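Subject: Handover of a structure for your study

Dear colleague,

Please find below the sequence and structure that I am passing on to you. I would be grateful if you would read my notes with the structure open beside them.

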Amino acid sequence: MNDFTPYDASVPVFASALGNMKAWLTKAADHEATLMTAALAPDMLPFPTQYQRASDAAKTALARLTGTDAPAMPDTEASFAELADRCDRTIAYLQSFDRAALADAATRPVEMRFPNGIGYAWSGSTFLTGFAIPNFFFHVTTAYAILRANGVPLGKLDFLQHLGRPNLS
């Protein structure tokens, strides 16, 4: 029996959710003009930024867990096609990691510092489960909520579409 690893909790989880997010753009195509500036509240980041932050959260998590540098992706997306491309590029980056690359990720020291110098220090497993995954899904869920609030016909099965059709009868 295989043990559940940081790879299992990161690469497929992030890649699946980003694939779902990409698919949502197709269902939202008729709302593109409105959504490119939509936010849930005046003090929240707009829809495109939620996609950008989800991408950043996933790629930065893998970089920190492997002691590597994440690819730079300027936050310049101004269309659904560009957001979909960012999802694809992020998924490709995530899938470039194999299990061996994350072999010591659970115990790897991870630091995150803010511009003012303060920050957090974690083990890789605490970083992944306590910050990286929740932060990633905050942005995924916020993007989903913005879509729903603007009339895009999404449901729970769209959020979980990576599961595919039920495999029990």
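**A residue in a loop**

Ser79 is found in the loop that lies between α3 and α4. Its relative accessibility is 19%, so Ser79 counts as buried, given that the cut-off for buried is under 20%. Leaving out residues up to four places away in sequence, Ser79 touches Glu32 and Met36. Please bear in mind throughout that this is a predicted model.

**Helix α4**

Which residues of α4 are buried? They are Phe80, Leu83, Ala84, Arg86, Cys87, Thr90, Ile91, Tyr93 and Leu94. The buried residues of α4 pack against α1 (6–27), α2 (32–35) and α3 (47–66).

**How α1 meets α4**

The axes of α1 and α4 cross at roughly 165° and come within 9 Å. The two helices are therefore roughly antiparallel to each other, since angles over 145 degrees count as such. Their crossing is left-handed. On the α1 side, the contact is made by Val11, Phe14, Ala15, Leu18, Gly19, Met21, Lys22 and Leu25. On the α4 side, the residues are Phe80, Leu83, Ala84, Cys87, Asp88, Thr90, Ile91 and Leu94. Sorted by class, this contact of α1 with α4 has 12 nonpolar, 2 polar and 2 charged residues.

Leu18 belongs to helix α1. Is Leu18 buried or exposed? With a relative accessibility of 0%, Leu18 counts as buried. Apart from its neighbours within four places in sequence, Leu18 is in contact with Ala54, Ser55, Ala58, Cys87, Thr90, Ile91, Leu94 and Phe136. Leu18 and Phe131 are 113 residues apart in sequence, and their C-alpha atoms are 18 Å apart in space.

Ala23 is also found in helix α1. Its relative accessible area is 28%, so Ala23 is partly exposed. Ala23 and Asp158 are 135 residues apart along the chain, while 8.2 Å separates their C-alpha atoms.

Phe4 sits in the segment before α1. Phe4 counts as exposed because its relative accessibility is 67%. Between Phe4 and Leu94 there are 90 residues along the chain and 18 Å from C-alpha to C-alpha.

**How α1 meets α5**

α1 and α5 pack at an angle of about 10°, with 11 Å between their axes. The pair is therefore roughly parallel. From α1, the contact takes in Pro6, Ala9, Ser10, Val13, Phe14, Ala17, Leu18, Met21 and Trp24. From α5, it takes in Leu128, Ala132, Ile133, Phe136, Phe137, Val140, Ala143, Tyr144 and Leu147. These residues divide into 17 nonpolar, 1 polar and no charged.

How many of the 20 residues of α3 are buried? The number is 17, so α3 is largely enclosed by the rest of the structure. At 1.5 Å a residue, α3 should span 28 Å; its end C-alpha atoms are 29 Å apart, which agrees. Gly67 follows α3 and has a positive phi, near 70°.

α3 packs against helix α5 (residues 124–149) at an angle of about 165°, and their axes are 8 Å apart. That angle makes α3 roughly antiparallel to α5. The crossing of α3 and α5 is left-handed. The contact involves, among others, Phe47, Tyr51, Ala54, Ala58 and Leu65 of α3, together with residues of α5 including Phe127, Leu128, Phe136, Val140 and Leu147. By class, the contact of α3 with α5 has 15 nonpolar, 5 polar and 2 charged residues.

With kind regards,
A colleague

Note on methods. Residues are numbered from 1 along each chain as its sequence is written. This is a predicted model: local features need pLDDT of at least 70, side-chain atom pairs count only at pLDDT 80 or more; totals for chains, interfaces and linings use all residues. Side-chain values use heavy atoms; hydrogens and water are left out. Buried means under 20% relative accessible area, exposed over 50%, partly exposed in between (1.4 Å probe, protein chains only). Helices (H or I, at least four residues) and strands (E, at least two) are DSSP runs, numbered from the N terminus. Contact means heavy atoms within 4.5 Å. Axes are lines fitted to C-alpha atoms, for helices over the stretch in contact, and angles run from 0 to 180 degrees between N-to-C directions. Angles under 35 degrees count as roughly parallel, over 145 as roughly antiparallel, 65 to 115 as roughly perpendicular and the rest as oblique. A crossing is left-handed if the near helix is turned anticlockwise from the far one by less than a right angle, and right-handed if clockwise. Ala, Val, Leu, Ile, Met, Phe, Trp, Tyr, Cys and Pro count as nonpolar, Asp, Glu, Lys and Arg as charged, and the others, Gly among them, as polar. The expected span of a helix is 1.5 Å times one less than its number of residues.
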